Amino acid sequence: LEHSPALDRSTAQGLPATRIPPSWVALASVLHEIEGEPYHPPVGRITFQKLAYFVTACGIPTKLEFRRGSYGPFSPQLKSLITKLVNNGVIREERLGRMFAVHTGPAFADGSRAYSRELADWEDTIRRLADLFVRMNTDQAEVAATVHFAAGSLAQTRGEPPSETEVLAEVMHWKQKRRPELREQEVALAIRSLGMLGWLSVRA
């Protein structure tokens with residue numbers, strides 16, 4: 001980011017600030033849009049992880065690579081990304097009972113100004129992602145990301161859009177060891193909803 005006192009501050013642990021690319025500020029921008037919804041619950045770490053997945057899947061170049069994990073798509077690089085965003089004050093974490101809530105930080109406004117041109121190019125995507133996530137709680141975000149990843153993997157392997165039934169079977173197989181178990185009805189509803197909203201290309 002361009003020089004800013006807020007962005008140059010080190011954390012309490014004495015870690016130095018590092019340069020943040022515009023795509024990471026775009027991720028924080030989606031979080032900022034969600035925070036603007038007065039009745040939406042705080043975004044926790046798991047939901048933020050799924051948000052990062054969807055931001056990447058939409059073509060915003062976060063440079064994160066996702067693979068299958070116990071709780072849906074997982075990126076080994078995401079922990080480092082979060083640490084750098086926190087160190088630079090773009091986001092902050094707050095303990096709320098048993099969860100850590102993720103909020104935009106004191107340097108978010110500086111980042112938004114520094115990358116205003118890039119964020120303008122991604123404005124429609126940012127708003128569309130925020131609109132998707134304000135509809136979901138943590139469990140629903142996990143299911144949605146899992147469904148989206150599974151559908152994309154099937155389409156890439158087969159060279160054509162999979163059916164809703166094929167995506168359902170793939171997700172249930174992926175999540176067979178999850179506790180508590182996912183309900184087929186919950187996954188089927190996510191597949192149908194994401195398809196209707198234009199997030200999936202699937203055959204009925």
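Where does Lys63 lie, in terms of the secondary-structure elements on either side? Lys63 belongs to the loop between α3 and β2, and its phi is positive, about 70 degrees, although the residue is not a glycine.

## Basis of the description

The model is a predicted one, in which local features need pLDDT of at least 70 and side-chain atom pairs count only at pLDDT 80 or more, while totals for chains, interfaces and linings use all residues. Residues are numbered from 1 along each chain as its sequence is written, and side-chain values use heavy atoms, with hydrogens and water left out. Helices (H or I, at least four residues) and strands (E, at least two) are DSSP runs, numbered from the N terminus.

## The three-stranded sheet

Three strands form an open sheet in the order β1-β5-β4, and their pairing is antiparallel; two strands are taken to pair if DSSP finds at least two bridges between them.

Among the facing residues, Arg92 stands opposite His103 in β5, Glu93 stands opposite Val102, and Leu96 has Met99 as its bridge partner. The two strands make a hairpin with two residues between them, and Gly97 in the turn has a positive phi of about 65 degrees. On the other pairing, β1 and β5 are joined by two bridges and also run antiparallel, with Gly44 opposite Ala101 of β5.

Helix α8 (residues 138-158) and α9 pack with their axes 9 Å apart, at an angle of about 115 degrees; axes are lines fitted to C-alpha atoms, for helices over the stretch in contact, and angles run from 0 to 180 degrees between N-to-C directions. The crossing of α8 and α9 is right-handed, a term that applies if the near helix is turned clockwise from the far one, whereas a left-handed crossing has it turned anticlockwise by less than a right angle. From α8 the contact draws on Thr146, Val147, Phe149, Ala150, Ala151, Leu154 and Arg158, and from α9 on Glu166, Val167, Glu170, Val171 and Trp174. These residues divide into eight nonpolar, one polar and three charged, where Ala, Val, Leu, Ile, Met, Phe, Trp, Tyr, Cys and Pro count as nonpolar, Asp, Glu, Lys and Arg as charged, and the others, Gly among them, as polar.

The axes of α9 (residues 164-174) and α10 (residues 184-196) come within 10 Å and cross at roughly 135 degrees, and α9 and α10 are therefore oblique to each other; angles under 35 degrees count as roughly parallel, over 145 as roughly antiparallel, 65 to 115 as roughly perpendicular and the rest as oblique. This crossing is right-handed, and it brings Glu164, Val167, Leu168, Val171 and Met172 of α9 into contact with Glu184, Val187, Ala188, Ile191 and Arg192 of α10. The contact comprises seven nonpolar, no polar and three charged residues.

For α8 and α10 the axes likewise come within 10 Å, but the crossing is at roughly 65 degrees, which makes α8 roughly perpendicular to α10. The handedness is again right-handed. Asp139, Val143, Ala144 and Val147 in α8 meet Glu186, Val187, Ala190, Ile191 and Leu194 in α10, and the residues of this contact divide into seven nonpolar, no polar and two charged.

## A cis peptide and an aromatic pair

In the loop between α9 and α10 lies Pro180, which is joined to Arg179 by a cis peptide bond with omega about 0 degrees.

The count of aromatic pairs comes to six, where rings of Phe, Tyr and Trp (its six-membered ring) pair if their centres lie within 6.5 Å, planes under 30 degrees apart counting as stacked, over 60 as edge-to-face and the rest as tilted. Tyr53 and Phe66 form an edge-to-face pair, with 5.3 Å centre to centre and 80 degrees between the planes. Tyr53 is in helix α3 (residues 45-57) and Phe66 in the loop between α3 and β2 (67-69), so that the pair, 13 residues apart, links distant parts of the chain.

Conventions
Contact = heavy atoms within 4.5 Å.
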